[in-house]
Amino acid sequence: MTIWIHILVFFLTFSMMEFLAWFTHKYVMHGFLWNLHSDHHKKDHDSWFERNDTFFIFYAVVSISFFLLWKYKILELGLAIGIGIFAYGLAYFFVHDIFIHQRFKLFRNANNLYAKAVRRAHKMHHKHTGKEHGECFGMLVVPWKYFKK
């Protein structure tokens, strides 16, 4: 298999993760696993860690599983898929945990059009402290209306 196939699979995986994150956020986190996600919307503890951080562990295990499938020659594209999942997780961490929620005090002055739209969309998501009536469940792809304000 050529390197270009691996690169294509990496980008496809990264892109598909936005949809998978949206789907998981809307139907799992705001659904049957709300008990793990709820402390992200309404902080009910003093810890720096949230029960919501459990979802990072889940995606890390999925990513590592693809690395292992590649390592043991079960799935040749496992490395490209594993790196795609990892790269999305890293992007999500930087955008969501560092940039938006400031869990680390970095990127505080980012003020370009995209940064403002991401902040607006996420603010609308957190407007609702319960599991119902939410909006903007994705992270990197922001609805156009948040660019217009």
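This is a predicted model: local features need pLDDT of at least 70, side-chain atom pairs count only at pLDDT 80 or more; totals for chains, interfaces and linings use all residues.
The unreviewed UniProt entry annotates residues 7-25, 54-70 and 77-95 as "transmembrane region". In the model, residues 7-25 are 100% helix and 0% strand. The C-alpha atoms at the ends of this span are 27 Å apart. Residues 54-70 are likewise 100% helix and 0% strand. Here the end C-alpha atoms lie 25 Å apart.

Helix H4 (residues 78-100) and helix H5 (residues 113-126) have axes that come within 12 Å and cross at roughly 80 degrees. H4 is therefore roughly perpendicular to H5. H4 contributes Val 95, His 96, Phe 99 and Ile 100 to the contact, and H5 contributes Ala 115, Val 118, Arg 119 and His 122. By class, five of these residues are nonpolar, two polar and one charged.

Three salt bridges are present in the structure. Arg 103 pairs with Asp 53 at 2.8 Å, N to O. Arg 103 sits in the loop between H4 and H5, and Asp 53 in the loop between helix H2 (34-41) and helix H3 (54-71), so the bridge ties together parts 50 residues apart in sequence. Arg 103 also pairs with Asp 97, again at 2.8 Å, N to O. Arg 103 is buried, at 17% relative accessibility. Asp 53 is buried at 13%, and Asp 97 is buried as well.

Glu 135 bridges to Lys 145, with the closest N and O atoms 4.0 Å apart. Both residues lie in the segment after H5, so this pair ties together parts ten residues apart in sequence. Glu 135 is partly exposed at 23% relative accessibility. Lys 145 is partly exposed at 49%.

How values were computed:
Residues are numbered from 1 along each chain as its sequence is written. Side-chain values use heavy atoms; hydrogens and water are left out. UniProt positions are given in the numbering used here, feature names are shortened, and annotations may be inferred rather than shown by experiment. Helices (H or I, at least four residues) and strands (E, at least two) are DSSP runs, numbered from the N terminus. Axes are lines fitted to C-alpha atoms, for helices over the stretch in contact, and angles run from 0 to 180 degrees between N-to-C directions. Angles under 35 degrees count as roughly parallel, over 145 as roughly antiparallel, 65 to 115 as roughly perpendicular and the rest as oblique. Contact means heavy atoms within 4.5 Å. Ala, Val, Leu, Ile, Met, Phe, Trp, Tyr, Cys and Pro count as nonpolar, Asp, Glu, Lys and Arg as charged, and the others, Gly among them, as polar. A salt bridge is a side-chain nitrogen of Lys or Arg within 4 Å of a carboxyl oxygen of Asp or Glu. Buried means under 20% relative accessible area, exposed over 50%, partly exposed in between (1.4 Å probe, protein chains only).
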